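Okay, thanks everyone for coming.

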Amino acid sequence: MARINLIIILLPFVFMIHEYEEIIMFRRWIDRNREELRKRFPKIESFFTRRGVFDYSTSTFAVGTAHEFILISVVSFCSVWTGEYQWWFAALTGYSVHLLMHIVQWIVYRKYVPAIITSLLTLPYCIYSFAEFSKVTVLSFSQMVLWAAIGIVLTILSLFSAFFFMDRFQRWEKGNKQQTNKK
């Protein structure tokens, strides 16, 4: 297997290593830091409260992660299968920006945030992947910039659909709990 194909196939695994930290730590971190978030970042806290994000269960959060994992896996495997790497490059860019956002959160918050450990641990994979991709790609620099922009936009759009499924799951989960409590 060519080195680039191995790098491409590793993206879903690297993504999930990172996401496991978020899944495992999200609920506990929110419960412990909610009041501080309310005091230090009232507008952000208010926005997430209105959207119900702070009420998400661990399983609800995992639904959003599964959504993103499926997308990144399909893109990675199709890229290796077809030998067309543009979509994978776009996904890698989106994931890399995701990591950078966590690093910014950590710098701004000045304390542990869920995913900072694995953001720092998986960022070298992204840097190495970009370096290796640039050696084998037939894309020009301007095409790479275009695909990077596409990746960032699609990552943002995929979050809307992930939150859609998370909201649906959260309502379903609450409905089942209410029915169980009535019995």
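Predicted model: local features only at pLDDT ≥ 70, side-chain atom pairs only at ≥ 80, totals over all residues.

Residues are numbered from 1 along each chain as its sequence is written, and side-chain values use heavy atoms, with hydrogens and water left out.

So, the overall picture. The protein chain has six helices and zero strands; helices (H or I, at least four residues) and strands (E, at least two) are DSSP runs, numbered from the N terminus. The C-alpha trace spans about 60 × 40 × 25 Å along its principal axes. There are 183 residues in the protein chain, and 42% of them are buried. By buried I mean under 20% relative accessible area, with exposed being over 50% and partly exposed in between (1.4 Å probe, protein chains only).

As for the surface, the protein chain exposes about 11,000 Å², and carbon and sulfur atoms supply 70% of that. Those areas are Shrake-Rupley with a 1.4 Å probe, and for residues only the protein chains shown count as cover. Now contacts, meaning heavy atoms within 4.5 Å. Take the ones between residues at least 6 apart in sequence: 80% of them join residues at least 24 apart.

Next, helix packing. Two packed helices are described by the angle between their axes and the distance between the axes. How do α1 and α2 pack? Helix α1, residues 3-40, meets helix α2, residues 42-51, at an angle of about 125°, with the axes 5 Å apart. The axes are lines fitted to C-alpha atoms, for helices over the stretch in contact, and the angles run from 0 to 180 degrees between N-to-C directions. That makes α1 and α2 oblique to each other, because angles under 35 degrees count as roughly parallel, over 145 as roughly antiparallel, 65 to 115 as roughly perpendicular, and the rest as oblique. On the α1 side the contact is made by Arg34, Leu37, Arg38, Lys39 and Arg40, and on the α2 side by Pro42, Glu45 and Thr49.

On to charges. Side chains of opposite charge can pair when their charged atoms come close. How many salt bridges does the structure hold? Nine, where a salt bridge is a side-chain nitrogen of Lys or Arg within 4 Å of a carboxyl oxygen of Asp or Glu.

Let me pick out a few in helix α1. Asp31 pairs with Arg27, with the closest N and O atoms 2.8 Å apart. The two sit four residues apart in α1, about one turn of the helix, and Asp31 is exposed at 53%. Then there's Glu35 with Arg38, at 2.6 Å, N to O. Those are three residues apart in α1, so again about one helical turn separates them. Glu35 is partly exposed at 41%, and Arg38 is partly exposed too, at 35%. Arg40 bridges to Glu36, with 3.0 Å between the closest N and O atoms. There's also a network: Arg34, Glu35, Arg38 and Glu45 are linked by salt bridges.

Now the greasy bit. Trp87, Ile152, Val153, Leu154, Ile156, Leu157 and Phe160 make a nonpolar surface patch of about 680 Å². Patches are built from residues with over 30% relative accessible area and no salt bridge; like charges are joined within 9 Å, and nonpolar side chains (Val, Leu, Ile, Met, Phe, Trp, Tyr) within 5 Å. Helix α6, residues 141-182, gives the most to it, with six residues. Val153 is in α6 and is partly exposed, at 47%.

Last, some single residues. Ser96 is in helix α4, residues 86-109, and is buried at 7%. Beyond its neighbours within four places in sequence, Ser96 touches Cys126 and Phe130.

Arg110 is exposed at 64%, whereas Ala115 is buried at 0%.
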